[in-house]
Amino acid sequence: MPDVGACLWVVPGGHIPFPSNGPEPEFTGFDQICVLNATDRRADVELHLYYEDAEPVGPYALPVDARRVRHVRVNDLIDPEAVRLDRPYGALLRSPVPVVVQFLRQDTRLPGAVALAATMAYPA
């Protein structure tokens with residue numbers, strides 16, 4: 001795979017509204033970010049979180065070895081600051097090599113933790 005330089009991804013997080021005629025579902029689950037590095041170089045991914053009513057927080061370091069995948073639960077991100085899960089947020093990821101990013105929301109009330117929402121991002 002050619003080295004195309006640094007790449008940038010933006011994914012939604014926190015509160016994700018669904019079209020509905022009734023009340024929005026209550027989420028009792030967790031958000032997860034998955035990063036696939038299919039290159040021959042380590043991806044030192046940096047994650048920054050953006051909020052509606054607060055300054056961005058980051059970077060959160062997410063190293064992903066060459067030809068590997070990394071799954072990170074958002075509520076496990078505590079350095080430099082615990083993620084504020086009670087408010088809407090968005091995530092900005094930066095990587096020195098092309099990676100594929102997937103954002104998942106899973107509902108833990110259901111057997112097998114069925115994914116309710118997913119967003120994919122990859123470099124063009």
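1. Pro59 is found in strand β4, strands being DSSP runs of E with at least two residues, numbered from the N terminus. A cis peptide bond, with omega about 5°, joins Gly58 to Pro59.

2. This is a predicted model, in which local features need pLDDT of at least 70 and side-chain atom pairs count only at pLDDT 80 or more, while totals for chains, interfaces and linings use all residues. Residues are numbered from 1 along each chain as its sequence is written, and side-chain values use heavy atoms, with hydrogens and water left out.

3. Another cis peptide bond runs from Asp79 to Pro80, with omega near 25°. Pro80 is in the loop between β5 (68–73) and β6.

4. Asn37 belongs to strand β2 (residues 29–37). Asn37 counts as buried because its relative accessibility is 0%, the limit for buried being under 20% relative accessible area with a 1.4 Å probe, protein chains only. A polar atom of the Asn37 side chain lies 3.3 Å from the backbone oxygen of Asp65.

5. Arg67 lies in the loop between β4 and β5. Its phi is near 55°, a positive value in a residue other than glycine. Arg67 is exposed, at 53% relative accessible area, where exposed means over 50%.

Technical notes:
Helices (H or I, at least four residues) and strands (E, at least two) are DSSP runs, numbered from the N terminus. A polar contact is a pair of N or O atoms within 3.5 Å; within protein, one must be able to donate a hydrogen and the other to accept it, and residues adjacent in sequence count only if both atoms are side-chain atoms.
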